[in-house]
Amino acid sequence: MAEMDTSSGGGHKKGPGVKKGKKMSTRVDLTPMVDLGFLLITFFIFTTTMSKPTALKLNLPADTKDPNQQNKLNDKSALTILLGKENNVFYYEGQLSPNGANFKASNFKEIRDEIMQKKNNTDTTFMVIIKPNDESNYKNVVDILDEMKITQVGRYALVDITPMEDQFVRITEGEPATAVPAAPAGKK
Amino acid sequence: MARPKIPRKSTNVDMTAMCDVAFLLLSFFILTTKPKPSTAVPIDTPSSVVTKKAPEKDLVLISLNKDNKIFLSTGDSKADKDSKQAIIESVNTNKNLGLTPTEIALLTKAPFIGVPLAQLKQQAKMSPDDMNATTLSGILVKDSTDNEMVDWLRGVKDAYAGRQVNILLKGDNVAKYPGFKYILAALKKNDLLKFQMITNPSAIPAGSVLYVGIKNGTIKSAD
């Protein structure tokens, strides 16, 4: 098909009277074009598969006003993770002591070990409570939810932060204590 | 002994066929990939280890951009556009907005809804090309009581009554948590308790429980 003259380069004997008009080959070397084609294919394959978004599922608990239907949590088996500004992570086990003695600071790298340690030391009632404060960003929340997947914690909940916890986070982050009103009325 | 004459064969291989194949594949990939959805609201999503692909039909997409503005859109298919119209009509009746059928049609054509309810008429007048994250102010969500997402999601619920709806949340890395919290509150208020967050795929950290579990076959996937 694409070959038009295959014998031009060979030792084709011309008749004695024919002048040697040099015949140029009409064959084009297609190798670079093939290279280019495959290069583009690779490029397209890579760029398309990379940007395919995935979906992280989250099921919300139904809001119940009836205290009997609300999930009661065993104090000891809970790990509460608090998210603050600038990717700060804080956590405490069980219930927060009023003086903040069990309130510890962590970060996104170390929190996995903390979760694993607590998970291994607790029975199946182990639960993680995630409380982002208003300064934390969406990425932090998704990262922590992702961490739940990585550590295979089945029971976790996204809960609103309490004013006291919020204050602890803010003070630890270096915000002057006076900046936080004792009973933040507008906080949710 | 006379050597048998071996005809010399050219080492040149005809590349035409290979070239054809390469370009055929190339055109196939170009044609099958979908162009990126409207980039009027650029959003940089966080990443997660889940491998489940985001659904592509019957979807309602809530976008939360870096300035904490909220936008609502649906899929591009005909069915999804019809649902979008149903959502707008439902919100129109529930909130007595007084939108004319023309305005509803124009809003359905718009790539997304991104204004407070009171300004929907203005958005209907805009050309879709002018709609982007800077020209639109986002759906009004000030606090947990002044939350127009509740009205929109009620519309979603009405439009998808009896049908499965995929609610997707696409949030930007640096979006603040309160915006996300109000969206969650609005979803809860409407009893829409299942939703999915769009993320970029990322590798599972080596040595983690999930990593080991998948390797041993005890865990199928992160989803």
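Mentor: Two residues are in contact if their C-beta atoms, placed from the backbone, lie within 7 Å. Keep that in mind. This is a predicted model.

Trainee: Which residues of H2(B) meet H5(B)?

Mentor: From H2(B) come B:Ser83, B:Ala86, B:Ile87, B:Ser90, B:Val91, B:Asn94 and B:Lys95. They meet B:Asp151, B:Trp152, B:Arg154, B:Gly155, B:Val156, B:Asp158 and B:Ala159 in H5(B). The residues of this contact divide into 6 nonpolar, 4 polar and 4 charged.

Trainee: At what angle do H2(B) and H5(B) pack?

Mentor: Look at the two axes. Helix H2 covers residues 78-95 of chain B, and helix H5 covers residues 148-159 of that chain. They pack at an angle of about 125 degrees, with their axes 8 Å apart. Roughly perpendicular ends at 115 degrees, and roughly antiparallel needs over 145. H2(B) and H5(B) are therefore oblique to each other. The crossing of H2(B) past H5(B) is right-handed.

Trainee: How many residues does each chain give to the contact between chain A and chain B?

Mentor: Chain A gives 39 residues and chain B gives 54 residues. On the side of chain A, helix H1 (31-50), strand E1 (54-59) and helix H3 (138-150) are the elements that give two or more residues. H1(A) supplies the largest share, 10 residues. The chain A side divides into 20 nonpolar, 9 polar and 10 charged residues.

Trainee: In which sense do E1(A) and strand E5 of chain B pair?

Mentor: Follow the bridges from strand to strand. E1(A) pairs with E5(B), residues 194-201, in the antiparallel sense over 6 bridges. Take one residue as an example: A:Lys57 has B:Gln196 in E5(B) as its bridge partner.

Definitions and conventions
Residues are numbered from 1 along each chain as its sequence is written. Chains are lettered from A and ligands numbered from 1 in the order in which they are written. This is a predicted model: local features need pLDDT of at least 70, side-chain atom pairs count only at pLDDT 80 or more; totals for chains, interfaces and linings use all residues. Helices (H or I, at least four residues) and strands (E, at least two) are DSSP runs, numbered from the N terminus. Ala, Val, Leu, Ile, Met, Phe, Trp, Tyr, Cys and Pro count as nonpolar, Asp, Glu, Lys and Arg as charged, and the others, Gly among them, as polar. Two strands pair if DSSP finds at least two bridges between them. Axes are lines fitted to C-alpha atoms, for helices over the stretch in contact, and angles run from 0 to 180 degrees between N-to-C directions. Angles under 35 degrees count as roughly parallel, over 145 as roughly antiparallel, 65 to 115 as roughly perpendicular and the rest as oblique. A crossing is left-handed if the near helix is turned anticlockwise from the far one by less than a right angle, and right-handed if clockwise.
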